[in-house]
Amino acid sequence: MPHSKEGIAPLKPCPEELVKALQNFIKCFTLQRPQELHYYCRETREERKAGKATERPIDVYALQDSLNSYLKGELPEAELVFAGVHIARVYRRSGRLKIIPMLGLAQLLRVYTGITNGYVKVAEKGEQLFLYGRDVLPESILELKGGEECSIVVVLNRHGEPLGWGRIVRRANSIYIQNLIDAGWYLRSGV
Amino acid sequence: MKTIASKTTVDQALKELRDRLTSLYHKHRLRAEKLVERFKELRLHPHQASRYLEMMDYKELTVMLEKFLEEGVPKSIRVNTRLTTVEKLAKRLEEKGVTLKRHPYIDYGLIIVETRHPIGALHEYMLGLYTIQGPASMLAVPALQPRNRARIADMCAGAGVKTTQISQHAPSARIVAIDVNRRKLIALKNNASRLAAFNITAVRMDARNLPKLSTFNQILLDAPCSGEGLLHTSKGRWPRSLEDTLSRVKLQLELLTAAAQALADNGVLLYSTCTISVEENEYVVSRILEANPELTVENPPIPGGTPGITDYAGLKLDPRVKMCRRYYPHTDGTEGFTICRIVRRG
């Protein structure tokens, strides 16, 4: 199994429990199952308290089938920084796996399955604000489909392109979409 | 058995270069100093000017330097054809006040003629519909002809502009991106996500150790270089001394040596730089051909450019480097760039 140096955890095939949780999560957004993809996991350096224990969340990467053989041992003595696309970070809470989607998961859905449920489409003004890290206000919502099962929705622009992820927040007479992560984050993060 | 250039060969090459380039400077010194003065905004080193005087005739040289001076190299973008089409993207950008024209050589390239907004700040960039890439730089990957299912190494991947281009050409290839700089590989990770490239794995290591990793059917070596092809930018304008040239050549020889050793039979090695210096292109390729008789140079399957230089400063240059391709601002409207396609016969 390839290993990484300098204290970076190795990239390993994700455990079945996590893959199932991920596939169930993906069902919130599409009926199709992504083909030709494998999922690899790496423990992060971040530590967090989970009751009396300390846990390390797990970063999940999705990679093309053809790349899978490399990670099964064809690349020895290598510090693997990443493989495929970073699609999620997973925490364990009260014994259950909690999935935080990353922008890569939105791209995965777009390229491999299409997004047919669990989305909100926003108008141009809403798109601008969302990409600057703001929430989506009710007047910018063009269409909202699903979102009840997972409470997280893919935020799409009027062309159907993913802008990021949001959470539905219900008020007395309206709803708005709380910004969880948006595609403008990369520019703001400076990386 | 593969023959590789030894440390002795690298040292010999550097010694030869030092001797020849020192003589060259003495040959052209007076004209070089006048050139430096005439084009002082380009911040040429007199040694650098003497090399240019040896490379091309004076009239053409001044035309080229004028082109660099007027910053006559446009910005360009590469359309991510995995997520959109050139026509759809062009229409959207034009609606946002960007004036575009088609890249003369690449069907998924667009030249930015004029824009109201920084081209890296538009939503379409954030959503991965395009990425910013120089017009000649965009030619290196098509010259490699990436194949699906192939094992492909990008030896000095940086933030992955060309790595993601390889993925765009061959979404089922097995791509290994290599760089010593972790921060650049983190940027590559973000670019892979933004551009939906699911077949890249990134390894942090010195690319001179490539043979320890694996053999590869195709290798891209877009080598660290002096960047003389970027004289149209303010960052590209700094005086390149003899020592600057020699230090780049040393690294390029070591990288090419590693690439030659890691290349599988019938494999393709695409060597490219953003410099017009003969020392960093035809000369280093000639040394690698000399040390590896099973390697040869092929014509790259890309349009434009002019042939590689085979007669320069009395250096022994392999005649096959004529099949390298040079791009200049005054002949192609691009940044200065050089591409050599090297193959290993089976």
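In this predicted model, the contact between the two chains (heavy atoms within 4.5 Å) takes 41 residues from chain B and 46 residues from chain A. The residues are numbered from 1 along each chain as its sequence is written, and the chains are lettered from A in the order in which they are written. Local features need pLDDT of at least 70, side-chain atom pairs count only at pLDDT 80 or more, and totals for chains, interfaces and linings use all residues, while side-chain values use heavy atoms, with hydrogens and water left out.

The size of an interface is often given as the accessible area lost when the parts come together. Between chain B and chain A, the buried area (the accessible area, with a 1.4 Å probe, that two parts lose on being put together, summed over both) is about 3,700 Å², and carbon and sulfur atoms give 60% of this area. On the side of chain B, the residues that lose the most area to chain A are B:Met126, B:Leu127 and B:Phe198, which together account for 21% of what that side buries.

Three salt bridges (a side-chain nitrogen of Lys or Arg within 4 Å of a carboxyl oxygen of Asp or Glu) are counted between chain B and chain A, and in one salt bridge the side chains of B:Arg182 and A:Glu79 meet at 2.2 Å, N to O. The helices and strands named here are DSSP runs, numbered from the N terminus (helices H or I, at least four residues; strands E, at least two). Elements of chain B that each supply at least two residues of the side touching chain A include β6 (174-179) and α8 (182-194), and the largest share of that side, eleven residues, comes from α8(B).

Leaving aside neighbours within four places in sequence, B:Gln133 is in contact with B:Ser76, B:Ile77, B:Arg78, B:Met138, B:Val161, B:Lys162 and B:Gln165.
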